[in-house]
Amino acid sequence: MNIELNEEFWTERYKNHETGWNIGYASTPLVKYFDTLEDRSIKILIPGAGNAYEAEYLFSKGFKNVTVVDISILPLQNLSERFPEFPKDQLIHQNFFDHYDQYDLIVEQTFFCAIDPELRQAYANKMLDLLKDNGKIIGVWFDFEADPEKSGPPFTGTAEEYETYFNSFKSVKFQRCYNSVPPRSGRELFGIIKK
Ligand SMILES: C[S@@+](CC[C@H](N)C(=O)[O-])C[C@H]1O[C@@H](n2cnc3c(N)ncnc32)[C@H](O)[C@@H]1O
């Protein structure tokens with residue numbers, strides 16, 4: 001691939017307001033899932049979280065153990081300004097692949113599709129390391145064929161392809177998402193991947 005998807009690339013996107021992925025509120029399928037969780041002490045990671053409306057939602061619902069990681073500092077600053085109660089030490093400006101800790105739950109939304117497709121297996125391996133035993137990844141994945149005219153993200157795919165990366169997990173389930181935000185309706189899968 002001829003574009004380097006590094007910190008500079010993403011920071012430029014934020015600076016130039018080229019952030020078509022930014023919903024502006026916590027994503028409905030994720031909120032629906034969060035609302036089923038009873039244990040508010042679980043340790044949650046949101047990698048490539050961007051403006052992280054989901055972190056704000058979780059925190060305000062009493063999930064205090066939420067960590068946000070992003071390679072660009074700008075969305076982390078946006079979250080801090082918008083929601084100053086969110087602890088600064090839980091906002092981590094870092095490459096996901098350099099992050100070390102262990103979580104009960106990792107939340108995916110338009111991060112997998114933002115990384116170079118050649119790193120998809122490395123993403124799955126890193127997720128395995130970041131999860132505690134019986135931990136899981138939940139979230140939304142795009143479900144449509146790549147546009148051959150486009151060379152940059154989002155990089156899309158299918159459930160059949162995605163499943164191949166998670167062979168080392170206990171279970172992998174991708175289903176058509178029934179409650180996507182309107183622009184993503186019919187184009188998104190809900191995934192639950194258990195370690
Ligand atoms: C398409 S945006 C999605 C943001 C957010 N998940 C959302 O749904 O609004 C991708 C995000 O991943 C971040 N990112 C890209 N590569 C990363 C990496 N290797 N480690 C951490 N964050 C990364 C970008 O800075 C950007 O905020």
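**View 1. Lysine 43 and aspartate 101 pair up in a salt bridge.** Their closest N and O atoms are 2.8 Å apart, and a salt bridge here is a side-chain nitrogen of Lys or Arg within 4 Å of a carboxyl oxygen of Asp or Glu. Lysine 43 sits in the loop between H2 and S1, while aspartate 101 sits in the loop between strand S3 (91-93) and S4, so the pair ties together parts that are 58 residues apart in sequence. Those labels come from DSSP runs numbered from the N terminus: helices are H or I with at least four residues, strands are E with at least two. Lysine 43 is buried at 19% relative accessible area, and aspartate 101 is partly exposed at 34%. For these words, buried means under 20% relative accessible area, exposed means over 50%, and partly exposed is in between (1.4 Å probe, protein chains only). Keep in mind that this is a predicted model, where local features need pLDDT of at least 70, side-chain atom pairs count only at pLDDT 80 or more, and totals for chains, interfaces and linings use all residues. Residues are numbered from 1 along each chain as its sequence is written, and side-chain values use heavy atoms, with hydrogens and water left out.

View 2. The structure holds seven salt bridges. Side chains of opposite charge can pair when their charged atoms come close. In one case, glutamate 56 meets arginine 82 at 2.8 Å, N to O. Now look at lysine 15 and glutamate 12, whose closest N and O atoms are 3.7 Å apart.

**View 3. Aspartate 116 is buried but has no salt bridge.** You'll find aspartate 116 in the loop between S4 and helix H5 (120-130). The nearest side chain of opposite charge is arginine 120, 7.6 Å away; for this count Lys and Arg are positive, Asp and Glu are negative, and His and the chain ends are left out. What does the side chain of aspartate 116 reach? The backbone nitrogen of glutamate 118, at 2.9 Å.

**View 4. The largest nonpolar core has 30 residues.** A nonpolar core is a set of buried Ala, Val, Leu, Ile, Met, Phe, Trp, Tyr and Cys residues joined through side-chain atoms within 4.5 Å. Phe34, Ile44, Val68 and Phe86 have the most contacts inside this core. Elements giving two or more residues to the core include helix H2 (28-34), strand S1 (44-47) and helix H3 (53-60). The largest share, five residues, comes from H3. Zoom in on phenylalanine 34: leaving out residues up to four places away in sequence, it touches Glu54, Tyr57, Leu58, Phe63, Val107 and Ile138. Contact means heavy atoms within 4.5 Å.

**View 5. Helix H3 is mostly covered.** Six of its eight residues are buried, namely Tyr53, Glu54, Ala55, Tyr57, Leu58 and Phe59. H2, S1, S2, H4 and S4 are among the elements covering these buried residues. After H3 comes glycine 62, with a positive phi near 100°.

View 6. An oxygen atom of the ligand is 2.6 Å from an N or O atom in the side chain of aspartate 70. Ligand nitrogen atoms show up as well: one is 3.1 Å from a polar backbone atom of isoleucine 71, and asparagine 95 has a polar side-chain atom 3.0 Å from a ligand nitrogen. A polar contact is a pair of N or O atoms within 3.5 Å; within protein, one must be able to donate a hydrogen and the other to accept it, and residues adjacent in sequence count only if both atoms are side-chain atoms.

View 7. Most residues other than glycine have a negative phi, and most peptide bonds are trans. Histidine 17 has a positive phi near 55° and is exposed at 69% relative accessibility. A cis peptide bond joins proline 153 and proline 154, with omega about 5°.
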